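Hi,

Here is the structure I said I would pass on.

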Amino acid sequence: MKEVISLQELKRIAQLSKLEFSEEEFQGFFKDINNIAAHFEKLNELDLQDVSPTSHLSWSEPPFFSDEPRPGEGREEVLKVAPWVAGGYFVVPRIVDKEEKRNEDRRV
Amino acid sequence: MKIEEFRDFTIADYHHLFKEKKISPLELVNLFLERIKREEDRIHAFLFVNEEEAKSEAQKKAENPPDEFPPLWGIPIAIKDNICTRGIPTTCGSKILENFTPPYDATVIERLKKAGAIILGKTNMDEFAMGSSTENSAFGPTYNPFDRRRVPGGSSGGSAASVCSLEAPLALGSDTGGSVRQPAAFCGVVGLRPTYGRISRYGVVSFASSLDQIGPIARNVEDIITLLEVVSGKDNRDSTCAPYPPFGKSEIPAPEEIRKIKVGVPREYFPSGLEKAIGEKIQEALEKLRGEGIEIVEVSLPHTDYALESYYIVAPAEASSNLARYDGVMYGLRVEGDNLQDMYFKTRTLGFGKEVKRRIILGTYCLSSGYYDEYYLKGMKVRTLIKQDFEEVLKNCDLLITPTTPSFPFFLGKEVKDPYEMYLNDVFTIPSAMAGLPSVSLNCGYKEGLPVGLQIIGGPFEEGKLLGLALFLEKLLALPSPFPGFKEDNNE
């Protein structure tokens, strides 16, 4: 197996992707991703210097819509499918920890 | 009536029975529900059977038949589980959406309902449409109705298998790199990937936004045409949907016009690794077309060999971005954590399956700083070359004919071990998806009881010509429609 991406790099990518793996799983992914990425080197056979990239396809001018308010989906129905809601808001765990909060207060 | 009698039915035939009062919409729905009950243990095409609602909708229709039937009036349809259905679970084959019931209908579902269709249930799929066998579903695989040891293809494997086994007369799937056409080929049914932008994607779970398209699956080309007429056309809620009117039957040329069509056969689609019997069946079909006066010429799409690599950069890159939304906050699974970051990690780690994680990692890698130019930019440039190849050959030909897949349906568990081997299944369906072109797969024969898929590719928005040739070829080949008998000892 050719190492295109190092185990350390893979661990960094997993962090960015917000995914956790056991050491054993990392070894499996390390093998898979390197195997797949090695195939990508085939693209180096092509001269791409003057080729423009295709990021998306469109057959006509993208439409513009008039900036007018219109009724959205029912707010209550949308909140109903959320895992945790209180007082019409989505609830998430504390973002700022208590220590930081105190420092913030002092600075103010 | 017995379900077997519907083997060669089109929507028009069902409507004829309704008109003659030989069957009511409720009786029809009940026949399909019974069929599902009888076959599901063996096929597992469905993740949810919409029994109650389907019956009550059919009952309402039976009580109040209109003078003039809307195009899908009283016709049951199975829906891939990545298309949002109001009040009906939409899991995308993933644990992360296991308990998700959308509060709204996708545009295509609104249009189906308006046309009188009855939602029969939601079909199994590879998680987030990532796969070619339906083995990546978090809820267990679907089995190929022709041979339960084999896969039905994927990712729309449940939709294709349900139509093949006559658990549903029609289905919707979605095609990012071949996910409608490959399972259609493996299940001996017809599957269309329309031009990119032909059908609104509002309410469809995003995988790779520059590639995803909804596609109809049916037992015959005529029903594909009717379905396309109903679900296509401009939608203000999807700005990637082309601002054109819906497809119309009038776009289909008459048979005498079809005989004037020039068909290109790209030599790159007949490599040494192609299953011999598949190559032979395609050649037989081409000979029959030639016998009807249709001109067949060999053409070349020189960058075909690079399409797979380009796709497996571009699609995971887009997927890694699209799937960032699954964070446990607004819908879907949430696993509590000590803090926000911890909750994100735990939710995503528990909610996503292995192939989805693999593609998120691959996509994040291709987009990450220092690798963007090496991978993502290169992938997009190669995509331009693939698109230009098609533009060039379609200047001299009306349509292209290729095999849909390089091999027959493979055995379950066989290719899960090497992900790249699995990716090779899409080698003939990826290029036209990268170019955004309409492509249809239809059965062109059987070899040892397994179907062979033939693919027709056309220019943008030329579904008329494409489906015209598909209709012509279907009539010419006059193959028996699939109806695998699921006896206990069959194929086992």
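Below is what I found, going from confidence through the chains to a few single residues.

First, keep in mind that this is a predicted model. It scores ipTM 0.91 and pTM 0.95. For chain B the mean pLDDT is 95, with 98% of the residues at 70 or more. One stretch of chain B to watch is residues 486-492, where the pLDDT is below 50. The model gives that stretch six contacts beyond near neighbours in sequence. Where pLDDT is low, the predicted coordinates should not be read in detail.

Chain A has a mean pLDDT of 87, and 88% of its residues reach 70 or more. Within chain A, helix 1 of chain A has the highest confidence, at 96, while helix 4 of chain A (residues 98-107) has the lowest, at a mean of 53.

Now for chain A itself. Its secondary structure is four helices and two strands, and along the sequence they run α-α-α-β-β-α. Of the 108 residues in chain A, 9% are buried.

How do the two chains meet? The contact between them involves 45 residues of chain A and 52 residues of chain B. On the chain A side, the elements that give two or more residues are helix 1, helix 2 and helix 3 (75-80) of chain A. Helix 2 of chain A contributes the most, seven residues. By class, this side of chain A has 28 nonpolar, nine polar and eight charged residues.

The piece of chain B I'd look at next is helix 12 of chain B, residues 354-367. This helix has 14 residues and spans 20 Å from first C-alpha to last, close to the 20 Å expected at 1.5 Å a residue. Why is helix 12 of chain B described as largely enclosed by the rest of the structure? Because 10 of its 14 residues are buried. Among them are V356(B), K357(B), R359(B), I360(B) and Y365(B). What covers the buried residues comes from both chains: it includes helix 1 (7-16) and helix 2 (23-40) of chain A, as well as helix 10 (304-322) and helix 13 (373-396) of chain B.

As background, nonpolar side chains tend to be buried together in soluble globular proteins.

On domains, the assignment for chain B gives domain 1 (3-257 + 460-477) and domain 2 (304-381). Their C-alpha centres are 28 Å apart. The contact between them takes 20 residues from domain 1 of chain B and 17 residues from domain 2 of chain B. The domain 1 side of that contact has nine nonpolar, eight polar and three charged residues.

Then there are some backbone details in chain B:

- G154(B) and S155(B) are joined by a cis peptide bond, with omega about 10°. S155(B) sits in the loop between strand 3 (118-123) and helix 5 (157-164) of chain B.
- K21(B) has a phi near 60°, a positive value in a residue other than glycine. K21(B) is in the loop between helix 1 (11-19) and helix 2 (25-43) of chain B, and counts as exposed because it has 8 C-beta neighbours inside 10 Å.
- C92(B) also has a positive phi, near 60°. C92(B) lies in the loop between strand 2 (76-80) and helix 4 (107-114) of chain B. Buried or exposed? C92(B) is buried, with 31 other C-beta atoms within 10 Å.

Last one: R35(B), in helix 2 of chain B. With 19 other C-beta atoms within 10 Å, R35(B) is partly exposed. Not counting residues up to four places away in sequence, R35(B) touches I3(B), L166(B) and E167(B). R35(B) and K447(B) are 412 residues apart along the chain, and their C-alpha atoms are separated by 27 Å.

Cheers

Conventions: Residues are numbered from 1 along each chain as its sequence is written. Chains are lettered from A and ligands numbered from 1 in the order in which they are written. This is a predicted model: local features need pLDDT of at least 70, side-chain atom pairs count only at pLDDT 80 or more; totals for chains, interfaces and linings use all residues. The expected span of a helix is 1.5 Å times one less than its number of residues. A residue is buried if 20 or more other C-beta atoms lie within 10 Å of its own, exposed if 12 or fewer, and partly exposed in between; C-beta atoms are placed from the backbone. Two residues are in contact if their C-beta atoms, placed from the backbone, lie within 7 Å. Ala, Val, Leu, Ile, Met, Phe, Trp, Tyr, Cys and Pro count as nonpolar, Asp, Glu, Lys and Arg as charged, and the others, Gly among them, as polar. pLDDT is the predictor's confidence in each residue, from 0 to 100. Domain bounds come from an automatic or database domain assignment.
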